Amino acid sequence: MIARFALLSGSALAALAAPPAFAQTAPAPPRSPVEGPALALASAAEPGDGAAAVPSAAPAAGNGAEATANQDVAGGENAPPNEIVITATRREANVQDVPIPISVLSGATIADSGTQNISQLTQLQPSITYYGTNPRNAAINIRGLGAPLGLTNDGLEQGVGVYIDQVYYSRVANSVFDLFDVQRVEVLRGPQGTLFGKNTTAGAINVITNAPSFTPEAHVELTAGSLRFLQARGVVSGPLSDTLAFRLAGSGTSRRGTIYDVARDQYLNDRQNLSGRASFLWRTTGNLDVTLTGDYTESFPNSGAQIFVRTGATQRPLNRQFAALAAAFNYAPPSTNPFDRITDLDTASRSGQRAGGVSLRAEWDLGAGKLTSVSAWRFWNWYPSSDRDFTGLPITTISANPSQHRQWTQEVRYASRGGERFDYVIGAFYFNQRFHTPGVQEQGSAASRFLLNPGNVPAGSSACNPPTANACNPAVLNGLRSDNDIRYRSTSAALYGQVTWNVNDRLRIQPGVRLNYDHKQGSYQSVVTTASGSTTLNSDQRNTLPPQSYQATLGQWNLAYDLTASYHFSRDVMAYGTYAHSFRSAGINMNGLPLSGGVPVLSAATVRPEKIDSFELGLKTELFARRARLNLSLFQTDIRDFQTTVTSSPSGGVVLAYLANADKVRVRGAEAEFNFLVSDRFSFYANGTYTDARYLRFPDAPCPPELSGGTIAQPGQTPSAPGTPGGISPASCNASGSWLPGVSKWSATYGFEYNLPANLLGQRGHAYLGFDGSARTKFSSNPTRSLYTDVNGYSLANFRLGFRSGNHWNLFAWVRNAFDRNYFEVLSLGPSNTGLIVGLPGDPRTWGVTFTADF
């Protein structure tokens, strides 16, 4: 792949943002050992009179894309002793002066830590979680909220907004693409709907790439490592005239997979990415900057494979549980140890995608503030193939839901410059998207015996009772095919704004409001045919692949609002409190509906909007002559009508995942972030999050596998104990009090860097040793917590050892997962409630060498 990519030489030195109006800048101290080659320090001097000189808001940036974090440690916002300037609040501000829980990662930190994409930010920020078996079925959550764990449903909004250069990306699939030529990443936690165009109820990830430069510059980065890992990145930027500058950046990545498929003689879960971006900045003479950006990415790995982990007893009869079914076919997985990383999937595992778009951003200094317009069009095409039975048996031979997605966004925003008694941001946002998914699923020759009831026969027998039962006739399900046509369209329009009342030099009051309208329209049609092409089905065929056809439309107005109060006890200590009432808009089920008597339950076609109340208390401090930062926060989020994924298996057929509302959910916890620049030679950071995320009321939740598969209990019957073969199963289960899926109670990230002056190849510089670690405790990997799908906690350690030659070049060796920990990213249920548990093992230990150079 990399041979296909013409490497663009170049790198951008991040432009330093002007210091806020209140700050008095002192001479820059020596370079921090944790500082990337593109960043420089700029510390703020203490007020001469010792008074509590509290900063006012800084002027708006001349070019929002060029604002930068002046210094950063891999832990985020607490990088001492200098200011970190952000633009997430729509004007430049010192992050310590912003009453929002926010963390900032510079491009240098992202590159040095080996973070390849947004999904890997989890190893630097403990409040972020990422789950996905492939790019389409992926979710990014902050503080345990954002999107349901499980198969993606296109009719549902994301709770975590991903913005790249002020453009909203509605597809989480973009998170697996390479991060390259990035100036910084801002992670905002909690609702952000009164500051950002698209409503974001759980938080936002704001990525800012480097802007075109009027000074010629270039950067090149080359990496080689284990698993045949090869990566090349390059940037070139400079002026085309006195008023026009350009920037070209590209990245190519290739890596062998981590799982070997003996059936297809290939490695799975590899990486194959190719990305490019071109930007042009027109700086007029009238305080107007116009930036035109186009980008394109393609990725065609053999990935998305989940493999055998274990089996667990369900309430199905023994002859219909996995061990007996496998014996009936004389089948055994190639390994029952998932960390042998061997499988025998007989259907291709592909996660192909192409994505790109064009954006036009205009920023005009107008009157008392800045007027910003961001227009964008984006596309995403998905080319998948999956083995949905997770075995080497021909049960499901085709499972593919290719998708085409198009989105248009327009945002207009006016932000005052700040420094007045009343500062403000007002904006309008328009969003339109369309999906089309022509999906296919086809059953194979083993489907009849595996999915249908063989009658009263011994476990492990390949026979049926009676012998003429459909389970012993491969032709009943062999070639049974479902052709789906799924179409979805949504439009969202909003007015939003926030006012800052600077009551005095210490106290600020910030109310915000958002008025939002959503209109959504979806249709789902599934035409099921036999191998002969007939649409006349028997009951077993209808229960295996139920034909469905329905349409749904909804339109809703919603109002969100928040109120924040902050108080500066001194220049270095600020406390704040926030209350926010927000919403996540109603959704449409676009993966099919549960059945009643073979008929779709149309009342389940839509899910109600979430109603969210969030509370936050925070403290931001600078310590030890501003060489350290300690930030603390307490939070609680109460959600009514929580949108979650539930499952239904009609008469033991293919499992159907769809959306429903849980009555009430509560998420509460605490966060701490600490960074300390001990000296010019040594720095460290430690971040920790405690999260208690539970269903408070969910009395009619789907049952976990150990309580499913038996005869449904009738009134007066007592359900059997979990895992009782041939038992009596409850119609639903009470999940009240149980964990939300995907949320660890404790998570942490931590690290250090140490350097010494050194000489290499006649160049003076610094030799350094860096470490980044992360840890998390057990979490549930099923919508309703199960005995079989809890993922055990784990910790990961990454090291780097290298030499930096000033701002010119950097050479370092690295190792990720240095102690080769075995862990799972996610666990899932196999088909038909047979008790099969499959999973996605995390990457093993990898190592490599990276060289970067700036010109």
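**Leu740 and its surroundings**

Reply: Leaving out residues up to four places away in sequence, Leu740 touches Gly144, Leu145, Phe642, Val665, Val667, Ala693, Arg694, Tyr695 and Ser780; contact here means heavy atoms within 4.5 Å. Before we go on, please note that this is a predicted model, in which local features need pLDDT of at least 70 and side-chain atom pairs count only at pLDDT 80 or more, while totals for chains, interfaces and linings use all residues. Residues are numbered from 1 along each chain as its sequence is written, and side-chain values use heavy atoms, with hydrogens and water left out.

Leu740, Ile140 and Ile205 touch the most other members of the largest nonpolar core, which has 50 residues. Strand E35 (residues 656-677) gives this core its largest share, five residues. A separate second core has 24 residues, among them Phe322, Ala471, Leu545 and Leu836. A nonpolar core is a set of buried Ala, Val, Leu, Ile, Met, Phe, Trp, Tyr and Cys residues joined through side-chain atoms within 4.5 Å. Buried means under 20% relative accessible area, exposed means over 50%, and partly exposed lies in between (1.4 Å probe, protein chains only). Strands (E, at least two residues) and helices (H or I, at least four) are DSSP runs, numbered from the N terminus.

Five of the five residues of strand E5 (residues 138-142) are buried, so E5 is largely enclosed by the rest of the structure. E5 runs antiparallel to strand E4 (residues 128-132), and five bridges join them; two strands pair if DSSP finds at least two bridges between them. Asn141 in E5 is the bridge partner of Thr129, and a hairpin of five residues connects E4 to E5.

Next come the aromatic rings. Rings of Phe, Tyr and Trp (its six-membered ring) pair if their centres lie within 6.5 Å; planes under 30 degrees apart count as stacked, over 60 as edge-to-face and the rest as tilted. By this rule there are 36 aromatic pairs. In one of them, the ring centres of Phe435 and Tyr488 are 5.8 Å apart and the planes stand at 35 degrees, so the pair is tilted. This pair joins distant parts of the chain, with Phe435 in strand E23 (residues 422-437) and Tyr488 in strand E25 (residues 481-502), 53 residues apart. Both Phe435 and Tyr488 are buried.

The pair of Phe799 and Phe819 has centres 6.2 Å apart and planes at 90 degrees, so this pair is edge-to-face. Phe799 is in strand E43 (residues 794-805), and Phe819 is in the loop between strand E44 (809-816) and strand E45 (824-829), 20 residues apart. Phe799 counts as partly exposed because its relative accessibility is 27%, whereas Phe819, at 53%, counts as exposed. Ring pairs link both into a cluster that also includes Phe624, Phe674 and Tyr750.

Finally, two charges meet rings. Arg143 lies over the face of Phe635, 4.1 Å from the ring centre, and the charged end of Arg277 sits over the ring of Phe180, 4.5 Å from its centre. The rule is that NZ of Lys or CZ of Arg is within 6 Å of the ring centre and within 35 degrees of the ring normal.
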